[in-house]
Amino acid sequence: MYERFYGLREKPFSKTPDPRFLYLGRAHREALARLLFAVEERDPALLTGGIGCGKTTLSRALMDHLDSSFKIILLINPRLSPLEFLRALARHLGIEAPSDYKTDLLEQIGEKLYRLYQQQICPVLIIDEAQLIPYRETFDEIRLLTNFQLDDRNLLSVILMGQPELRRRLAHPVYEPLRQRIGMQYDLKGLEREDIDAYLNYRLETAGGQGGLFQPEAVDRIFAYSQGIPRKINHAASLCLIEGFGRESRTIDADIAEAVMEELALFE
């Protein structure tokens with residue numbers, strides 16, 4: 001609708017986690033660097049952050065940075081019992097007939113991990129929305145996966161990603177054994193105000209347009225609404241483009257942004 005009016009090939013503020021549109025502000029650059037280090041060292045890692053701060057998009061960027069010597073296993077629905085979790089992992093590893101018995105299943109997983117090691121392939125298990133894991137025993141199985149190791153390295157890398165309640169949950173004493181295994185942890189925050197202009201321009205340019213469409217006063221209002229959370233920035237910016245198109249305005253000024261903020265306030 002508004003794409004042609006603003007010279008865009010596609011929507012610049014889509015809600016899908018497309019790594020092409022990932023703008024790496026300071027916090028996101030640090031988070032990605034830490035995740036890459038954890039994967040290379042095969043240390044378990046914990047990444048937390050509020051809703052819409054970019055964790056899932058960051059995981060996609062991590063995948064794009066890893067070469068064929070890594071096998072990505074992404075679990076996006078972790079509401080699993082311990083046995084369901086192990087069977088899901090086994091299937092993702094390529095085990096055709098995962099056992100229904102835990103002892104045999106663990107043996108299958110261990111053998112598969114060692115074969116992958118011989119092929120110089122490191123599996124990377126990414127568990128998204130890990131705060132939804134329902135059972136403490138499932139976390140115990142995640143911890144015990146780090147027991148699959150040789151003298152100098154683990155046979156797989158594990159990354160737990162989730163909302164802040166995941167960090168609070170793992171702070172409980174019963175999770176102390178798992179916390180001791182986590183080699184890297186990072187709490188992802190929203191973008192700073194000085195990053196917002198660059199963020200908007202980057203996404204506009206990636207979509208085929210030009211930067212500078214959003215005037216500084218409009219950016220101020222978007223930041224005040226979003227507090228730097230990328231998902232909220234995207235939502236507000238999309239509405240600004242629709243409003244601007246309706247007014248046939250070639251730039252997004254404070255009046256347009258203010259009209260959008262009033263609209264959004266009705267749903268807060």
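The expected span of a helix is 1.5 Å times one less than its number of residues. Keep that rule in mind for the first stop. The model on screen is predicted.

**Stop 1: helix α3**

Select residues 82–93. This is helix α3, with 12 residues. From first C-alpha to last, α3 reaches 17 Å, close to the 16 Å expected at 1.5 Å a residue.

Now show the side chains. Which residues of α3 are buried? They are F85, L86, A88, L89, A90 and L93. An α-helix has 3.6 residues a turn, so residues three or four places apart point the same way.

Next, bring up what covers the buried residues of α3. The cover includes two strands, β2 (70–75) and β3 (122–127). It also includes two helices, α4 (102–118) and α5 (136–145).

Step off the end of the helix. G94 follows α3, and its phi is positive, near 100°.

**Stop 2: N147**

Move on to the loop between α5 and β4 (157–162), and pick N147 there.

N147 and R203 are 56 residues apart in sequence. In space, their C-alpha atoms are 42 Å apart.

**Stop 3: Q227**

Go to the loop between α9 (216–226) and α10, where Q227 is found. Q227 has a relative accessible area of 52%. Exposed means over 50%, so Q227 is exposed.

**Stop 4: helices α10 and α11**

Select residues 230–247 for α10 and 254–265 for α11. Two packed helices are described by the angle between their axes and the distance between the axes. Here the angle is about 120°, and the axes are 9 Å apart. Angles of 65 to 115 degrees count as roughly perpendicular and those over 145 as roughly antiparallel, so α10 and α11 are oblique to each other. The crossing of α10 past α11 is right-handed.

- From α10: H235, A236, L239, C240, E243, G244 and R247.
- From α11: D255, I256, A257, A259, V260, M261, E263 and L264.

How many of the residues in this contact are nonpolar, polar and charged? Nine are nonpolar, two are polar and four are charged.

Notes
Residues are numbered from 1 along each chain as its sequence is written. This is a predicted model: local features need pLDDT of at least 70, side-chain atom pairs count only at pLDDT 80 or more; totals for chains, interfaces and linings use all residues. Side-chain values use heavy atoms; hydrogens and water are left out. Helices (H or I, at least four residues) and strands (E, at least two) are DSSP runs, numbered from the N terminus. Buried means under 20% relative accessible area, exposed over 50%, partly exposed in between (1.4 Å probe, protein chains only). Contact means heavy atoms within 4.5 Å. Axes are lines fitted to C-alpha atoms, for helices over the stretch in contact, and angles run from 0 to 180 degrees between N-to-C directions. Angles under 35 degrees count as roughly parallel, over 145 as roughly antiparallel, 65 to 115 as roughly perpendicular and the rest as oblique. A crossing is left-handed if the near helix is turned anticlockwise from the far one by less than a right angle, and right-handed if clockwise. Ala, Val, Leu, Ile, Met, Phe, Trp, Tyr, Cys and Pro count as nonpolar, Asp, Glu, Lys and Arg as charged, and the others, Gly among them, as polar.
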